[in-house]
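Have the structure open next to you as you read.

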Amino acid sequence: MSDADMDAQPPAAAPVRLAWSGPVTIYEAVELRRQLLDALEAGRGLALDLGGVDEIDTAGIQLLVLAQREAHLAGQRSEVVAASAPVREALDLCGLGQLEAPAMPEQP
Amino acid sequence: MSTHAGGLDRVPHTFVAESRELLREMEGALLTLEQSPRDPEAIHSLFRAVHTLKGSAGMFGLDPMVAFAHVLEGVLVEVRRGALEVDDALVELLLTCSDHVAAMVACLDGDDYVQRLETLDARSPELLAQLAGFSPRSAAAAQDLVAAIGDDAQAARWHISVRFAPDVLRHGMDPLSFLRYLRTLGELIGVAVVPDAIPAAAAMDPQACYLGLEIELQTAAGRRALEEAFEYVREGSTLHILGPDPSLDEYAALARLQPEGEDRALESLAACGAASTAQLRAALRRGAAHPAPATTAAGELDMASQPSGSAAPRPGRSAARRAADRHFVRVDAGKLDELIDLVGELLISSAGVSLGARRSGEADLREAAAQLARLVEEVRDRSLALRMVPIGETFSRFHRVVHDLGRTLGKDVELAIGGADTELDKSMVEKLGDPLLHLVRNALDHGIEPAARRIATGKPARGRIRLDAWHESGHIVIEVADDGAGLDTGKILARAQDAGLVEVGQVLSERQIQQLVMEPGFSTADEVTPVSGRGVGMDVVKRNIEALRGTVSIDSIPGAGTRVALRLPLTLAIIEGFLVGVGRSAYVIPLEMVVECLELAAAEREATCARGYLNLRGEVLPLLRLRDVFGIGGHTGRRENIVVVQHGQRRAGFVVDALLGESQTVIKPLGKLFERLAGISGSTILGSGEVALILDIQALVEQAIGAEAARTGVRPPRIEDRQNP
């Protein structure tokens, strides 16, 4: 099970940082979506640290895509600030490498 | 296919036959493209033919063919994608290329084909260079040719578009693993995730799959392998596979089908590397005038079909054709001939059994023999039908002839084909090629006028030649018609008088004069052209057709055109015969030529035979006594009969001893020794085991008319007056 780690935020508009580790799959998806929704509530954007993720599946990828879209719709930013090898492989495989990029490209 | 690679084994005949078929397909498609350069069906079939050729040539290690076809294919990919326009020059070049491949295929028959292929291959670079002039991409293809043959000679581009069913994840399937699998099949050029179906975060079920994928893949695996990869997600998912080497129009048609809308679909397509957004948008606009009918119901999986747009190939039809292909068995023509021969023997034996049964007087046996005879007749009909082939294939070869000749002569001529489904015996088809070629050439060269003259006489500038075929009472009629100048009867008559074919002062009808062009040594072309030479033409056609027991007739209207009709029996192997007896011998007259039978009254016999003709209801009927013709001695019976026969429009009466009735006649060719025997065209074996000779009615009728004329001292007109249009 991934751990949610919502740090107390420093001032200014620093994005909410979510650090996930372990598997990010269909089994974790319900819980992870809740975390994402909560984090977006804050309205400061998202920084996803996926450095500790050792497994990701389509349900996980779908959450990342969802997070990006929801953030964009709310005028926020969502970034993957760190990615483990499995995450990077999965993102590259389905052409979502840009999610990891430090600067988010505009969602079309 | 048993032999493989190395190029040392002989190439199987099936490959050669298949290649010829593909080349014909290719040629047909090219000629279609010449008329309508955007015909998607033609482009598709052209591409398919070359692609298949390349593939199967690769299986037999025919590297020069593979290499050449590869570059050719490269150009066609451009055409298919809509990046390269088809024009006359390109069609011309592609036709030359198709000839080049045909020459390569032709040399596969010999044992030394490896050397011959290499010799031929020396011509390839020149053609390849010309191809490269049309398409920069094929130039590149020509350069990395060696690499291409080495590894992915068959690789093609495919596009897979999939919208997963919501429950795939719950069923334990992970779309990512599909991508990983596809990566093992070839090179993933690009993948785009389509997230549009994900609902708002609050409403979203995180365990459901809302994603779609657009995948661009370069692989040698075929459509089947790609379909199989998605086998397990069939239910509820929507899968579209485009390829090999999908065109822009196909992408556009796909975009139109996507649930997320055209614009978003275009972006995904562009993102996965299908083509640039601008190209896709242009294709989409181009097709917008004719919106694509949705072929797939939402959420339904449609494996076999590609989305069909106005410009995309019609998959339904090609799928149906593929299915039809599978129902054919390729059989060696020689085996069929053997079967027909055997059926002939069977007919003869069956006749023998019937005869024996009749003689035995046993009712049971007679009944059984009658039953057998019925079955044997059915077997005969069915096996003859096996050898029947539609004439369309022969006809369509003339597209090329008309195209090439038209160019040589500087005439713009279209060829129309009718009755392509009309069937006739394969052995006949083979023998019809030359006569038809002659007729089509004549029509082009002598019939169709130059464009300027056509316009001056109020005709469309483009000439028209029509090939037609239909069945008519046990015969096939093949017609070659043109809308040219028609025959100049004045010129023909003058020419015929010069050649001594007609005496000056002899009065002939228009139609009689027209038939004169079939007399030996006749030619009216003012100038000799390279196309139809001098003098030998129609008479050769006539002789060839008559050798097939057929007839030729010409019908022409000055200024409006000429029609030449060939009338032929459906088969050469078996005829319905009419058996007559003279002395102890039996003779067969083809039944269709028998008009009626008369009894020659004993009282009139002497006088009639001396006169050499009979007054048949007011008409003069020349008579021929077969007893005299064949030098049969002995006494005539008490009664003699006259069989009135007709060949073409001429009639004559044969005096025979006895009328023996109808009989199934299996034609056996005469041996070399008897080939030139006058009045006999073949032989057959009767049920009793005796040999009967088949009469050459044409020769005998002419002999009868000639003899009658000699007796009366009047030179007969060469063409009968009774000949009506």
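Which strand order does the open sheet of 5 strands in chain B have? Going across, the order is β14-β17-β18-β16-β15 of chain B, and the pairing is mixed.

1. Ground rules. This is a predicted model, in which local features need pLDDT of at least 70, side-chain atom pairs count only at pLDDT 80 or more, and totals for chains, interfaces and linings use all residues. Residues are numbered from 1 along each chain as its sequence is written, while chains are lettered from A and ligands numbered from 1 in the order in which they are written. Helices (H or I, at least four residues) and strands (E, at least two) are DSSP runs, numbered from the N terminus.

2. More on that sheet. Two strands count as paired if DSSP finds at least two bridges between them. On the edges sit β14 (594-600) and β15 (613-616) of chain B, each pairing on one side only. From one strand to the next, the twist averages 30°; axes are lines fitted to C-alpha atoms, for helices over the stretch in contact, with angles from 0 to 180 degrees between N-to-C directions.

3. Look at β18(B). Strand β16 (619-625) of chain B pairs with β18 (650-656) of chain B in the parallel sense, over 3 bridges, and Arg625(B) has Val655(B) as its bridge partner there. β17(B) runs antiparallel to β18(B), with 7 bridges joining them. Gly653(B) in β18(B) has Leu623(B) opposite, and Val644(B) also stands opposite Gly653(B). In β18(B), 6 of its 7 residues are buried (20 or more other C-beta atoms within 10 Å of a residue's own; exposed means 12 or fewer, partly exposed is in between, and C-beta atoms are placed from the backbone).

4. A helix over the sheet. Helix α23 (602-611) of chain B lies across β14, β15, β16, β17 (640-647) and β18 of chain B, running at about 130° to β14(B).

5. The other sheet. An open sheet of 4 strands in chain B is ordered β2-β3-β1-β4, with antiparallel pairing. Its edge strands are β2 (186-194) and β4 (238-242) of chain B. Neighbouring strands here are turned by 15° against each other on average, direction ignored. Between β2(B) and β3 (212-219) of chain B there are 8 bridges, and Val191(B) partners Ile215(B).

6. Helix α9(B). In α9 (175-185) of chain B, Pro175(B), Phe178(B), Leu179(B) and Leu182(B) are buried. Seen down the axis, the buried residues fall within an arc of 100° (taken from the directions from the helix axis to the C-beta atoms), so they line one face of α9(B). On the other side, Ser177(B), Tyr181(B) and Thr184(B) are exposed. What covers the buried residues includes α2 and α3 of chain A, plus β2, β3 and α10 (223-229) of chain B.

7. Where the chains meet. The contact (C-beta atoms, placed from the backbone, within 7 Å) takes 20 residues from chain A and 24 residues from chain B. On the chain A side, α2(A) gives the most, with 8 residues.

8. The cores. A nonpolar core is a set of buried Ala, Val, Leu, Ile, Met, Phe, Trp, Tyr and Cys residues joined through C-beta atoms within 7 Å. Of the 79 residues in the largest one, Tyr251(B), Ala255(B), Leu269(B) and Leu280(B) touch the most other members. The largest share of this core, 8 residues, comes from α2(A). A second, separate core of 41 residues includes Leu347(B), Leu600(B), Leu624(B) and Leu686(B).

Terms used:
Contact = placed C-beta atoms within 7 Å.
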